[in-house]
Amino acid sequence: MTLIAPHPFAELITVSSLKEKFAACPGWEERYRQLILLGKQLPPLPEALKSAGIELSGCENRVWLGHQRLHDGSLHFYGDSEGRIVRGLLAVLLTAVERQQPETLLQQDPLQLFDELGLREQLSASRSSGLDALAQAVRAAAANPDAPPSPTFS
């Protein structure tokens, strides 16, 4: 099966490698830089995939998050954002949820990795709201993995 919008997250860039990188960042400025670098590793989503069906509301910047069910039942997530920091946050999320089974995603908090990396407490209210919208989109995909993504989450 051909992946829609492949990316390096969860395979080349793993949860453990992110934990290592962020543990070496003593302050928020260093974590901020890491997020921007991480976002640069997220391949841009082709314009044809940036549909209203996968665009999320509740985010400071425009954000798209789509999913594809793979042959083994796991979910491949893909996305993009116009904001540098949001692209980095999206990269962290993709690392946490990529290729997981829907049942697993429904049993865990998709944002737990943000807490483990010390990222969530530093986010503005609007970015936190956007992160919640991303988590809600992941849960919606896991709850109904064969359905096309919903257009908005508020």
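Hi everyone, let me start with charge. The protein chain carries 14 positive and 18 negative side chains, and the centres of those two sets sit 4 Å apart. Please keep in mind throughout that this is a predicted model.

Now the overall fold. The secondary structure amounts to six helices and three strands, and along the sequence they come in the order α-α-β-β-β-α-α-α-α. The radius of gyration is 14 Å, close to the 15 Å that the globule rule gives for 154 residues, so the chain is as compact as a globular protein of that length.

What about the inside and the surface? Of the 154 residues, 45% count as buried. The chain exposes about 7,500 Å², with carbon and sulfur atoms supplying 50% of that area. As for contacts, take those between residues at least 6 apart in sequence: 66% of them join residues at least 24 apart.

Let me zoom in on strand 3, residues 75-81. How many of its seven residues are buried? The count is seven of seven. In a regular strand the side chains alternate between the two faces of the sheet. Here, Leu75, Phe77, Gly79 and Ser81 point one way, while His76, Tyr78 and Asp80 point the other way, and all of them are buried.

Which way does strand 3 pair with strand 2 (residues 63-69), parallel or antiparallel? The pairing is antiparallel, over seven bridges. Within that pair, His67 stands opposite Phe77 of strand 3. The hairpin formed by the two strands has five residues between them, and Gly73 there takes a positive phi near 90 degrees.

That brings me to backbone angles. Most residues other than glycine have a negative phi. Two places to look at on your screens, then. Ala10 has a positive phi near 85 degrees, and it is not a glycine. Ala10 lies in the segment before helix 1 (15-23), and with a relative accessible area of 28% it is partly exposed.

The other is Arg99, again not a glycine, with a positive phi of about 60 degrees. Where is Arg99? Look in the loop between helix 3 (84-97) and helix 4 (102-107).

Definitions and conventions
Residues numbered from 1 in each chain as written. Predicted model: local features only at pLDDT ≥ 70, side-chain atom pairs only at ≥ 80, totals over all residues. Heavy atoms only, no water. Helix = DSSP H or I, 4+ residues; strand = E, 2+ residues; numbered from the N terminus. Rg over C-alpha atoms; globule rule 2.2 N^0.38 Å. Buried < 20%, exposed > 50% of the residue type's maximum accessible area, 1.4 Å probe, protein only. Contact = heavy atoms within 4.5 Å. Areas by Shrake-Rupley, 256 points an atom, 1.4 Å probe, with all protein chains shown as cover. Lys, Arg positive; Asp, Glu negative; His and termini not counted. Charge placed at Lys NZ, Arg CZ, Asp CG, Glu CD. Pairing = 2+ DSSP bridges.
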